[in-house]
Amino acid sequence: LSQEIVLVGAHYDSVLGTVGANDNASGVATLLEIARRLKDRPFGRTLRFVAFVNEEPPFFKTPQMGSRVYARRVRRRGEKIHAMLSLETIGYYSRQEKSQLFPMPLLGLFYPDAGDFIAFVGNFPSAGLLRRTLKAFRSHSDFPSQALMAPGWIMGVDWSDQWSFWKEGYPGIMVTDTALFRYPHYHEAGDTPNRLRYGDMARVVEGLALAIGELAGPLEQ
């Protein structure tokens, strides 16, 4: 196996009081389907799929957060994480105007006001990974996609497992339907399977599988 690793992760815990269909069963389902699609393909890099526990409160951003434990461990081992993709709430889309909100009103000037897109979110040190992943996704899918590169202090930018890998100096991005900025049942009892948009989700999964395969492709010479 190659020493360079493309790691795809999703957390499987949910907030107390909700079944967590979108947050984050949708991410885990995406993880499993991408793994199924790519399992028999040869790649230049090691492709690793990991399901994390303890992403939600009260463990979020604590030493007990599952991805934080994992990221510290791979750093101690000296593993070379070439790319980390966190799959976080993948299943809700809306074509209605003004269905998309933003953590800062200014962002609404640059992004659509309908929540019909998949978002790729990263911090500045992960800019290269963000650009490569978005380009790969768009080369394989015509599903609407947007990218945001921003500091972690902007609300929502570091709200998933990629944060744990940032803390260890690894490049990581979040792939998301933007969660609470679109989904009206975020962290509520109404986050049930009937709320998800499975046709849109399937298109996102197909594009992501091909994009991740490209990230894990032949090593550069």
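How many residues does helix 3 have, and how far does the helix reach from its first C-alpha to its last? The legends below start there, using a predicted model.

**View 1. Helix 3 on its own.** Helix 3 covers residues 127–140, which makes 14 residues. From first C-alpha to last, the helix reaches 20 Å, close to the 20 Å expected at 1.5 Å a residue.

**View 2. The buried residues of helix 3.** Here we pick out the side of the story hidden from solvent: A127, L129, L130, T133, L134, A136 and F137 are the buried residues of this helix. An α-helix has 3.6 residues a turn, so residues three or four places apart point the same way.

**View 3. What lies over those residues.**

**View 4. Stepping back to the whole chain.** Five helices and six strands make up the secondary structure of the protein chain, and from the N terminus they follow the order β-α-β-α-β-β-α-β-α-β-α. The chain is as compact as a globular protein of its length, because its radius of gyration, 16 Å, is close to the 17 Å that the globule rule gives for 221 residues. Along the principal axes, the C-alpha trace spans about 45 × 40 × 35 Å.

**View 5. Inside and surface of the chain.** Of the 221 residues, 56% are buried. The chain exposes about 10400 Å², with carbon and sulfur atoms supplying 57% of that area. Its side chains include 25 positive and 23 negative ones, and the centres of these two sets lie 6 Å apart.

Technical notes: Residues numbered from 1 in each chain as written. Predicted model: local features only at pLDDT ≥ 70, side-chain atom pairs only at ≥ 80, totals over all residues. Heavy atoms only, no water. Helix = DSSP H or I, 4+ residues; strand = E, 2+ residues; numbered from the N terminus. Expected span 1.5 Å × (residues − 1). Buried < 20%, exposed > 50% of the residue type's maximum accessible area, 1.4 Å probe, protein only. Rg over C-alpha atoms; globule rule 2.2 N^0.38 Å. Areas by Shrake-Rupley, 256 points an atom, 1.4 Å probe, with all protein chains shown as cover. Lys, Arg positive; Asp, Glu negative; His and termini not counted. Charge placed at Lys NZ, Arg CZ, Asp CG, Glu CD.
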